[in-house]
Amino acid sequence: MMSFVSTVKRFLYTRDELAVTNIRRELWPLWLIFPLTVILGDFRYFNLYIEFAGLQSYELMLYPLGLGWLVLVFIPKRLMVPLLNIAAVCCAVILPFQLLLTNDTSLNLPGALLAVFMAFQFFNGICAGCAFSIFCFRLNNVERLFGMALIIFYYSLYYTVYRYFPSVQAVYKVWGGITVMAFYLVIIFMLNRKSGKQAYEDNEVTESADGKSSNIKIVIALHIIYYTIMCMINYIESADNIIYSLPYGLGQLISILVIVLIMLISNRNSLYIWLMFLVFSLFGLSIVNYNSEAAYFAGSLIYGLGDGLGYIIIYYLCSGAIKKSKSIKMFRLFCLVLFIEYFFISGILSQAFDRYEGSNHVIALGVVLFLCSCCFLVLPYLQKKLFAEDWTDGLHLKNMPEFTKELAETEKVNVKEHLDLTEREHEVFTMLLKGMTLKDIAFTLKIKFSTINFHSNNLYRKLGISGRAELSAKYGSAAQD
């Protein structure tokens, strides 16, 4: 019982360094490029009802999209930006033909129209992969979080306005796609200016880095769980008609407010968001299994809230882990996993739903229950290996020559006494021994005073001391050597 209580308490001692002031307004094209790619690919899909070889339009979209991400597995880093330019131009050329893809078209060219639809998704997949590399390596935590919130805001508008008010659909189908495409090309043009290139080319990202310290493989495993749960909504919505668009969209809109409340105000760790995603997804699906209008409405709202939280937090974690790895290999691994998800996991789930004789929401609830149970069982491990990590984007002492000697000395203490300090705790340890105040440390590392105070308390706890005086008395010699 005591170990369980201790584990719960440890959850409360983790947090992220997030502040709105960390958003760099001059880099707005960088944090818009990936959200615009997602929105652009979405515009020419939801109004289409295509069936080919037993596959629906949703599945027909995923296969070429996955192939687009697969291309990034084989592309050298230096070619990603030129490839983004080429793929964006191809999308712009194909878009007018996409506008012919309507269900009541008088053209007797179903094969050609299907090919155009899939070609657009293929090039959009390439754009998404290239844009995500910029999103990962050049933005900080808050900028990436803001970008993901923009995507969910778009989806919330789609479910609450576009689908709920049919009179908006005609404008949305044609002019919405054209407007986003035009703005997207403007963003691409701005990124290709000399100043833009300098903004998103990261020389620290290498082919040789293994990225083991970033725990990217654990994050990718969580992405597979998220993707599988997300697939449930598509199969339920397409067959059972028990997910209502208006409350679902409202739930996604509320998820943005929840993210702001928990992460930008309280600075709590992403663990909270992940747990809420699991709980709300499971709870929402459980409610819709009750055969009533009130249950469908409430379940759709809660499931939309969970899906919005999951979407934001999983891409926030994946992009943060990829950036922390500084490894193009880890980025390629993520691209490969997305290809597997789009191509194989979706196909396996599609076959399962087609062969199951009962209602789709029953098997969906079973899948989500199993995945959530697995996550809850390994939660202490996830907290230790992933969620207790320092995800801050502040400066680090290893990049400051004046701290090189002190870091080396305190690292000897860290190794000799098996203190198991995190990188940030090691830095705080070093700066405290140098005589700096917590306020000076926060200013030097460009992070909040409350965060430094949090790390210093963790440091004292690990060292078994009560304050700064004991720290100097016990380890002061390390700073003098």
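Trainee: Which residues form one aromatic cluster?

Mentor: This is a predicted model, where local features need pLDDT of at least 70, side-chain atom pairs count only at pLDDT 80 or more, and totals for chains, interfaces and linings use all residues. Residues are numbered from 1 along each chain as its sequence is written, and side-chain values use heavy atoms, with hydrogens and water left out. Rings of Phe, Tyr and Trp (its six-membered ring) pair if their centres lie within 6.5 Å; planes under 30 degrees apart are stacked, over 60 edge-to-face, and the rest tilted. One aromatic cluster consists of F34, W69, F132, F135, Y154, Y155, Y226, W274, F277, Y311, Y315 and F334.

Trainee: How many aromatic pairs does this rule give?

Mentor: The count is 27 aromatic pairs. One of them joins F122 and F123, with ring centres 5.2 Å apart and planes at 65°, so this pair is edge-to-face. Another joins Y315 and F334, whose centres are 6.5 Å apart and whose planes stand at 85°, so the pair is edge-to-face. Y315 belongs to helix α12 (residues 293-325) and F334 to helix α13 (residues 328-355), so the pair ties together parts 19 residues apart in sequence. Helices here are DSSP runs (H or I, at least four residues), numbered from the N terminus.

Trainee: Are Y315 and F334 buried or exposed?

Mentor: Buried means under 20% relative accessible area, exposed over 50%, and partly exposed in between (1.4 Å probe, protein chains only). Both Y315 and F334 are buried. F122, by contrast, is partly exposed at 26%, and F123 is partly exposed at 21%.

Trainee: What is the phi of K326?

Mentor: Phi of K326 is near 55°, a positive value in a residue other than glycine. K326 sits in the loop between α12 and α13 and is partly exposed, with a relative accessible area of 31%.

Trainee: At what angle do the axes of α17 and α18 cross?

Mentor: Axes are lines fitted to C-alpha atoms, for helices over the stretch in contact, and angles run from 0 to 180 degrees between N-to-C directions. Helix α17 (residues 423-433) and helix α18 (residues 438-445) have axes that come within 10 Å and cross at roughly 130°. Angles under 35 degrees are roughly parallel, over 145 roughly antiparallel, 65 to 115 roughly perpendicular, and the rest oblique; α17 and α18 are therefore oblique to each other.

Trainee: Which residues make the contact?

Mentor: Contact means heavy atoms within 4.5 Å. R424, E427, V428, M431 and L432 of α17 meet L438, I441, T444 and L445 of α18.

Notes: Helices (H or I, at least four residues) and strands (E, at least two) are DSSP runs, numbered from the N terminus.
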